[in-house]
Amino acid sequence: MKTLPVLLKDGYKVGHKFQYPENTTLVYSNFTPRKSRIEGANQVLFFGLQYFIKEYLVNQFNENFFNLPKDEVLKQYKRRIDNYLGKDSITYDHIADLHDLQYLPLEIKALPEGSLVQVQIPVLTIRNTKPEFFWLTNMFETLMSAILWKPTTSATTAFQYLKEFTRYAQGTVGNDLSFVPWQGHDFSFRGMSGVEDATISGAGHLICFTGTDTIPSIDFLERYYNADCEKELIGGSVPATEH
């Protein structure tokens, strides 16, 4: 879906910029898995950040925002928000200023993808690097949550299956566990709610297993994670590490 990336947010965030205390210059936020709904599963396998950064913060912002004429960007944004909130309900200078800047003044610090992270520990932090763009930090909360939740959840689920398969294999067939990575096969393309949803779910599954029927997930890992899928069908391309 092609749209202005500054519109990829909850509607209530449109007015956030105008609600911060006067003289706000820095907003420093974190992204934290808050809890598990599965007893005994208290870690997440963090995955998906490079895709979020490369596809949305770089590709989509360049193609659908910075590389478009400013007048066209403001016309599209104003049309949507005027219809959404009422004509001239808010000003649009901050969007124009961001276009003038020609980059996103943000800093993201994160644990390595593939890390096993205890719930309630942040997997990343994000902050603005220019004081006048304090409003930008939390604008991305919606998009970040939408994109990171699925691959992290699918990778975490696959990891739980991998642990169980390995445990039972060790107790029944001995030391040759080479078949285990093929036991959990992915059919995300049949079960998810769209092409992107299926692709990032399948990619998360491939962090722990080798087989997939979701072909775009292989291309996804080659494109965004530099995985050499011609030599091996993933199976731990982003090794899990403890954090």
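Modeller: Two strands count as paired when DSSP finds at least two bridges between them, and with that in hand we can read this structure, which is a predicted model.

Biologist: In which sense do β1 and β5 pair, and over how many bridges?

Modeller: Strand β1, residues 28-31, runs antiparallel to β5 and is joined to it over 4 bridges; within this pairing, Asn 30 stands opposite Thr 125 of β5.

Biologist: Which residue of β5 is the bridge partner of Ile 108?

Modeller: The partner is Ile 126, and the strand to look at beside β5 is β3, residues 106-110, which pairs with β5 in the antiparallel sense over 5 bridges.

Biologist: Is β5 mostly covered or mostly open?

Modeller: Strand β5, which takes in residues 124-128, is mostly covered, since 4 of its 5 residues are buried. For the protein as a whole, 44% of the 243 residues count as buried.

Biologist: Why does His 205 count as buried, and what does His 205 touch?

Modeller: The test for burial is a relative accessible area under 20%, and His 205 counts as buried because its relative accessibility is 13%. This histidine is found in helix α7, residues 195-206, and, if residues up to four places away in sequence are not counted, His 205 touches Ser 154, Ala 155, Ala 158, Gly 184, His 185, Asp 186 and Gly 211.

Biologist: How should I read Tyr 20, as buried, partly exposed or exposed?

Modeller: Tyr 20 has a relative accessibility of 22% and therefore counts as partly exposed; its place is in the segment before β1. Leaving aside neighbours within four places in sequence, Tyr 20 is in contact with Val 27, Phe 134, Trp 135 and Asn 138. With Asn 138 there is also a polar contact of 3.5 Å between the two side chains.

Biologist: How far apart are Tyr 20 and Phe 134 in sequence and in space?

Modeller: They are 114 residues apart in sequence, while their C-alpha atoms are 9.0 Å apart in space. To set this pair against the whole protein, take the contacts between residues at least 6 apart in sequence, of which 74% join residues at least 24 apart.

Biologist: What pattern do the helices and strands follow along the sequence?

Modeller: There are 8 helices and 6 strands, and the order along the sequence is β-β-α-α-α-β-β-β-α-α-α-α-α-β. The C-alpha trace spans about 70 × 35 × 25 Å along its principal axes.

Biologist: How many positive and negative side chains are there, and how far apart are the centres of the two sets?

Modeller: The protein has 23 positive and 28 negative side chains, and the centres of these sets lie 6 Å apart.

Notes. Residues are numbered from 1 along each chain as its sequence is written. This is a predicted model: local features need pLDDT of at least 70, side-chain atom pairs count only at pLDDT 80 or more; totals for chains, interfaces and linings use all residues. Side-chain values use heavy atoms; hydrogens and water are left out. Buried means under 20% relative accessible area, exposed over 50%, partly exposed in between (1.4 Å probe, protein chains only). Helices (H or I, at least four residues) and strands (E, at least two) are DSSP runs, numbered from the N terminus. Contact means heavy atoms within 4.5 Å. Lys and Arg count as positive and Asp and Glu as negative; His and the chain ends are not counted. The place of a charge is taken as NZ of Lys, CZ of Arg, CG of Asp or CD of Glu. A polar contact is a pair of N or O atoms within 3.5 Å; within protein, one must be able to donate a hydrogen and the other to accept it, and residues adjacent in sequence count only if both atoms are side-chain atoms.
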